[in-house]
Amino acid sequence: MFRSTFLYFMVVVFLFGTLQSQSINNVKLLFHEKNTAIYECAASPVGNLVSFRTSAGDVDKHYIYDFVSGSLSPVFTQEESFLGDVVQKNTQNLIWSAVDAQSCLLKVVEDGKTSFAEVIMRKNGQVDFRPLLIKKEELQLTTATFLSWNTKGKALLSLCEGDIPPGTDIPASSYDLYTLRTKTSGITRLGSHTATREFHASPLNNGEFILSGVGDTGMNELHQTDGKNAYIRLTDTPRLSESWPAVSPKDDFVVFSHPHGKTENTADLYIMPTSGGTPELLATDIYIPVTSYSSSGIYQWAKDGKGVVFISYNPDRKNPLARIDIESKKISFFDIDVVFPSSFAISGDEKHILIVAAGTSESNEQTSYKAFVGEYNH
C-alpha cells in the first residue's frame, strides 16, 4: 500500500513538474497604440531590461522595460533635442551590452542627420541619453548598422567610408566592418571582406564574432573574425543562405536561419559547430521577422546551451512559441494565452519574457501589434 501510494505521488509530482517546467504565466498587456507597429524585441544578456521599437508613420522610437521596477520608459520624448529645438527624432538599430546590464547603443536620426548614442537605464526609470561623437568625418553613418556588442566592450558595425551620393545603389564591396568603443567614441576599421556585406553577427566569448555576409550571389555564408584583420570562412553552401547566426553560451554551436525564398517570414533552423562542419537541420517552418538586423527577437539560446526558443510558423495553432532540444531534436510548445507572436525576448536571468503578438486567444487578427510581458518558466 505504501509503495503504490509513493509511486502515485511520484508520478503526480513528475507530471506537475513537467507541466510547470515550460510555461509563461501572469501575462499582461504592456503596450498598445492604434496604428503603431512594434518590432525588434531585445533583452540585456546580463540584466532585467528588455526593449522594443515602435513605428507610427514617420516616427520610430524605442522603449525600455524594467522587469524589476515595472517601469516602461521611452528612450527620448519628442520635445527633447541635442540642439535645444523641437525637431523630428527617430531611433533605430538598438543593441545591448553583453557586460553592462543597463547600457545599449542605437542610431539616432535627427533633422535628417544620423548619429550614434549610448543609452543608460537607471533603476528609477530615468533614461540617460549620451551622444557619441565620432570624429572620422569621412564615415557615412547613414549606411551604418550595429551588428553586435561583445564581452570585451567592442560594438561591431558595418558601414561605408567615403563620399556616397544620396540614392546611390551601394555595392557590397563598399561596406567594411568597424569596432566602436563607447568610452572614447574611438572607431577602428577591421579590414574589408571583398564583395561581402555583413548583415548579421553574434559574439564569441573570446571577443571575436561569427558573421553572416551576403555577396553578389545573394546567398549568405558564415565566416568569423580572427582579430588580425582577416576572416575565416565557416560555410560554403550554395543551396543554403545562412542568416541571423546566434552563438551558444559556451561557444560550441551556432544556429542560423535559411529563409524560404517564396514564403515571406518563414525559414528553417539549422545548427553547426562553431569550429565548422556540415549544417544540420533542427526545425522547419519557423517564423522570422525579415527586417531584423540580428537574431534578437527571432530565437534565443537557453542559458544552459541545451535548447533554443523560437516561434513556430503554424497559422492553425496561431504561431506558438516553442523550444527545441538540440540533442533529441524534440520540440515542445509553451502554454501561453497570446496568439500570432512576431518577436520575443527572454530576460538575462531567464525569469521573464517580452512578447510582441496580435493579442489573446480570442483574437484572429494577425496584423495587430501588442507588447506583452510575463513570467518565464522553463
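Biologist: What volume does the largest pocket have?

Modeller: Keeping in mind that this is a predicted model, the largest pocket has a volume of about 880 Å³.

Biologist: And which residues are closest to its centre?

Modeller: The lining consists of 42 residues, of which Ala-43, Pro-45, Ser-202, Pro-203 and Val-247 are the closest to the centre of the largest pocket. By class, the lining divides into 25 nonpolar, 14 polar and three charged residues.

Biologist: Which strands supply at least two residues of that lining?

Modeller: Among them are strand S2 (37-43), strand S14 (197-203) and strand S18 (243-247), each of which supplies at least two lining residues.

Biologist: Switching topic, how many aromatic pairs are there?

Modeller: The count comes to eight aromatic pairs, and one of them joins Phe-31 and Phe-52 in a tilted arrangement, with 5.5 Å centre to centre and 55° between the planes. Phe-31 belongs to strand S1 (residues 23-31) and Phe-52 to strand S3 (residues 49-56), so this pair ties together parts that are 21 residues apart in sequence.

Biologist: What about Phe-31 and Tyr-63?

Modeller: Their ring centres are 4.9 Å apart and the planes lie at 45°, so that pair is tilted.

Biologist: Where does Arg-317 lie?

Modeller: Arg-317 lies over the face of Phe-333, at 4.1 Å from the ring centre, while the charged end of Lys-61 sits over the ring of Phe-76, 5.7 Å from its centre.

Key:
Residues are numbered from 1 along each chain as its sequence is written. This is a predicted model: local features need pLDDT of at least 70, side-chain atom pairs count only at pLDDT 80 or more; totals for chains, interfaces and linings use all residues. Side-chain values use heavy atoms; hydrogens and water are left out. On a 1 Å grid over the protein atoms alone, a cavity is a set of points where a 1.4 Å probe fits but cannot get out, and a pocket is an open set with protein on both sides within 12 Å along at least five of seven lines; lining residues have an atom within 4 Å of a point. Grid points are joined across faces, edges and corners, and a volume is the space filled by probe spheres set on the points. Helices (H or I, at least four residues) and strands (E, at least two) are DSSP runs, numbered from the N terminus. Ala, Val, Leu, Ile, Met, Phe, Trp, Tyr, Cys and Pro count as nonpolar, Asp, Glu, Lys and Arg as charged, and the others, Gly among them, as polar. Rings of Phe, Tyr and Trp (its six-membered ring) pair if their centres lie within 6.5 Å; planes under 30 degrees apart count as stacked, over 60 as edge-to-face and the rest as tilted. A charge sits over a ring if NZ of Lys or CZ of Arg is within 6 Å of the ring centre and within 35 degrees of the ring normal.
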